[in-house]
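Here is a short report for a reader with the model open. Please keep the sequence and the 3D view at hand.

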Amino acid sequence: MTNARSIAPFETSARYTRVAIALHWLIGLALLAQIAFGFLLDDLAPRGTPARAATINLHKSVGIVLFVLIAARLLWRLRHAPPAWPASMPAWQHGAARFGHRTLYACMVVAPLAGYVASNFSKHGVRFFGARLAPWGPDLPRVYDALNGLHVATAWLLTALIAGHIAVSLKHALIDRDEVFSRMWPGASP
Ligand code: HEM
Ligand code: HEM
């Protein structure tokens, strides 16, 4: 059956595969922790304190690892179609979910990428778990500020989208009581 929702052409089952579920929860939970870490940076290590550099470099290092995982997930997803929508879901919800998921993926890519590129237009560069990666760009504070602004804006957008995403998935589980939640839940039957 052709599945208009997917980039890969054929659906294979009514559930997400084990790989899709594992990647969703691994990356989803790690992203929530990384977002919280980002927003707490100034409380954990205020600017000008000795702990600042190590703390921000830990955020950068974890963010780079997350970016690699996200890129792998996206490449995998482009080759594997998700299950077809439940018959009970109206067409406008298919469109809304497709748009929401695509925007989530876009923010998951742009947020860490903008942070990484920004860091390379600063003399500080990145210390990747202690190993100094010399910046490949010049020290340009205005470029750094613009890219850092993009990093912060996409992190906020990601936070808002995730809040909406969690709310909608709970609505499916608790109000609609369809299989949308259980097909992404490890081990649950549709
Ligand atoms: C922590 C609470 C979360 C819950 C309860 C949850 C629930 C779900 C459910 C039920 C689906 C399947 C929707 C469907 O059947 O089409 C899904 C898909 C998805 N979730 Fe989550 N999610 C959570 C966190 C996250 C986070 C933090 C992200 C990160 C941005 C995320 C990104 C996605 C994406 C991109 C999809 C689409 C999968 C695809 O078709 O490729 N989720 N989520
Ligand atoms: C998906 C991964 C990432 C997420 C979700 C994320 C999220 C965040 C958040 C929420 C903030 C706080 C924003 C604010 O209120 O000012 C932040 C700050 C920051 N992030 Fe990330 N980040 C990620 C990856 C990265 C990477 C890969 C780098 C660089 C290599 C980076 C560098 C920074 C820097 C330098 C700040 C401090 C900005 C400032 O206070 O001026 N982040 N991040």
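Does Asn148 count as buried, partly exposed or exposed? At 25% relative accessibility, Asn148 counts as partly exposed. The cut-offs are under 20% relative accessible area for buried and over 50% for exposed, with partly exposed in between (1.4 Å probe, protein chains only).

## Basis of the model

This is a predicted model, in which local features need pLDDT of at least 70, side-chain atom pairs count only at pLDDT 80 or more, and totals for chains, interfaces and linings use all residues. Residues are numbered from 1 along each chain as its sequence is written, chains are lettered from A and ligands numbered from 1 in the order in which they are written, and side-chain values use heavy atoms, with hydrogens and water left out.

## Overall fold

The protein chain has four helices and two strands. Its order along the sequence is α-α-α-β-β-α. Helices (H or I, at least four residues) and strands (E, at least two) are DSSP runs, numbered from the N terminus. The C-alpha trace spans about 55 × 30 × 30 Å along its principal axes.

The protein chain has 190 residues, and 35% of them count as buried. Take the contacts with a separation of 6 or more: residues 24 or more positions apart account for 68% of them. A contact here means heavy atoms within 4.5 Å.

## Surface and charge

The accessible surface of the protein chain comes to about 11200 Å². Carbon and sulfur atoms hold 71% of that surface. Areas come from the Shrake-Rupley method with a 1.4 Å probe; for residues, only the protein chains shown count as cover.

The protein chain carries 18 positive and 8 negative charges. Their mean positions are 6 Å apart. Lys and Arg count as positive, Asp and Glu as negative; His and the chain ends are not counted. Each charge is placed at NZ of Lys, CZ of Arg, CG of Asp or CD of Glu.

## Iron site of ligand 2

Which residues coordinate the iron atom of ligand 2? His59 and His151 do, each through NE2, at 2.0 Å. Donors are N, O and S atoms within 2.8 Å of the metal (3.2 Å for Na, K and Ca); water is not among the atoms, so sites may look incomplete. The pair links distant parts of the chain. His59 lies in helix 2 (residues 52-79) and His151 in helix 4 (residues 141-176), 92 residues apart.

Four donors count as tetrahedral if all angles lie between 85 and 135 degrees; four count as square planar and six as octahedral if opposite donors are over 155 degrees apart and all others between 65 and 115; anything else is irregular. Both His59 and His151 are buried.

## Iron site of ligand 1

The iron atom of ligand 1 is coordinated through NE2 of His24 and NE2 of His165, at 2.0 Å. This pair also joins distant parts of the chain: His24 is in helix 1 (residues 18-44), His165 in helix 4, 141 residues apart.

Why is the arrangement around the iron atom of ligand 1 octahedral? The reason is that its six donor atoms subtend angles of 87 to 178 degrees. His24 counts as buried because its relative accessibility is 14%. His165, at 27%, counts as partly exposed.

## Other positions in helix 4

Asn148 belongs to helix 4. Tyr116 is 32 residues away from Asn148 along the chain, and their C-alpha atoms are separated by 9.1 Å.

Val168 is also placed in helix 4. With 45% relative accessibility, Val168 counts as partly exposed. Val168 and Lys60 are 108 residues apart along the chain, with 31 Å between their C-alpha atoms.

Leu44 sits in helix 1. Its relative accessible area of 54% makes Leu44 exposed. Leaving out residues up to four places away in sequence, Leu44 touches Phe37 and Thr55. Leu44 and Thr55 are 11 residues apart in sequence and 7.9 Å apart in space, C-alpha to C-alpha.

Phe129 is not a glycine, yet its phi is positive, about 45 degrees. Phe129 occupies the loop between strand 1 (126-128) and strand 2 (131-133). Phe129 is exposed, at 52% relative accessible area. Arg177, not a glycine either, has a positive phi of about 50 degrees. Arg177 falls in the segment after helix 4. At 68% relative accessibility, Arg177 counts as exposed.
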